Amino acid sequence: MARIDKINGEVMRELANVIRELKDSRIPLMTSVVSVNVTNDLRYAKAYISVMGDENVQRKAMEGLRSAAGYIRREIGKRVDLRYTPEFVFELDKSIEHGSHINKLLKEIK
């Protein structure tokens, strides 16, 4: 396993923990980290986030995460031993929601 893959996994685990601990009413409990891609220079990390709920819930959750980005970065810096703590860019990932919709459609067909 490549070094960057290990870093991605560790940052993803800790990011999920930090998000779970946030006390922001905009971020629902059904918010999960799908994947994290840290750049090779460790300066940036793109985090793909899944939020169960309608578009309004998803939009508010992403706003909450973006407003907490500084706090999240500091917490990750404390928890993960890296030369640089990456700056996070949050992207909404709809793959889980899409899969759930497909499963629902398949059940309706049966």
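Which residue forms a salt bridge with Glu75 in which the closest N and O atoms are 3.2 Å apart? The partner is Arg79, and a salt bridge here is a side-chain nitrogen of Lys or Arg within 4 Å of a carboxyl oxygen of Asp or Glu.

The structure is a predicted model, in which local features need pLDDT of at least 70 and side-chain atom pairs count only at pLDDT 80 or more, while totals for chains, interfaces and linings use all residues. Residues are numbered from 1 along each chain as its sequence is written, and side-chain values use heavy atoms, with hydrogens and water left out.

## Overall build

The protein has four helices and three strands, where helices (H or I, at least four residues) and strands (E, at least two) are DSSP runs numbered from the N terminus. Read from the N terminus on, the elements follow the order α-β-β-α-α-β-α. Along the principal axes, the C-alpha atoms fill a box of roughly 55 × 35 × 15 Å.

Of the 110 residues of the protein, 32% count as buried; buried means under 20% relative accessible area, exposed means over 50%, and partly exposed lies in between, with a 1.4 Å probe and protein chains only. The protein exposes about 7300 Å², of which carbon and sulfur atoms supply 51%; accessible areas come from the Shrake-Rupley method with a 1.4 Å probe, and for residues only the protein chains shown count as cover. Among the contacts with a separation of 6 or more, 66% are accounted for by residues 24 or more positions apart, a contact being heavy atoms within 4.5 Å.

Helix H3 spans residues 69-79, and Ile72, Glu75 and Ile76 are buried in it. Seen down the axis of H3, these buried residues fall within an arc of 100 degrees, so they line one face of the helix; the arc is that of the directions from the helix axis to the C-beta atoms. What covers the buried residues of H3 includes H1, helix H2 (55-67) and strand S3 (87-92), whereas the face turned away from the buried side carries the exposed residues Arg74 and Lys78.

Side chains of opposite charge can pair when their charged atoms come close. The structure holds six salt bridges, including those in the following table.

| Salt bridge | Closest N to O distance |
|---|---|
| Glu75 and Arg79 | 3.2 Å |
| Glu75 and Lys78 | 3.3 Å |

Glu75 and Arg79, by contrast, both lie in helix H3, four residues apart, which is about one turn of the helix. Glu75 and Lys78 are three residues apart in helix H3, so they are separated by about one helical turn.

Together with Glu14, the residues Glu21, Glu75, Lys78 and Arg79 are linked in a network of salt bridges.

## Other buried sites

The structure holds one aromatic pair. The rings of Phe88 and Phe90 have their centres 6.0 Å apart and their planes at 10 degrees, so the pair is stacked. Rings of Phe, Tyr and Trp (its six-membered ring) pair if their centres lie within 6.5 Å, and planes under 30 degrees apart count as stacked, over 60 as edge-to-face and the rest as tilted. Both Phe88 and Phe90 are buried.

Gln58 lies in helix H2 and is buried, with a relative accessible area of 3%. Leaving aside its neighbours within four places in sequence, Gln58 is in contact with Val51, Gly53, Leu92, Lys94 and Glu97.

## A nonpolar surface patch

Met30, Met52 and Ile96 form a nonpolar patch on the surface, with about 280 Å² of accessible area together. Patches are made of residues with over 30% relative accessible area and no salt bridge, with like charges joined within 9 Å and nonpolar side chains (Val, Leu, Ile, Met, Phe, Trp, Tyr) within 5 Å. Met30 lies in the loop between helix H1 (3-21) and strand S1 (31-38), and Met30 is exposed, with a relative accessible area of 56%.
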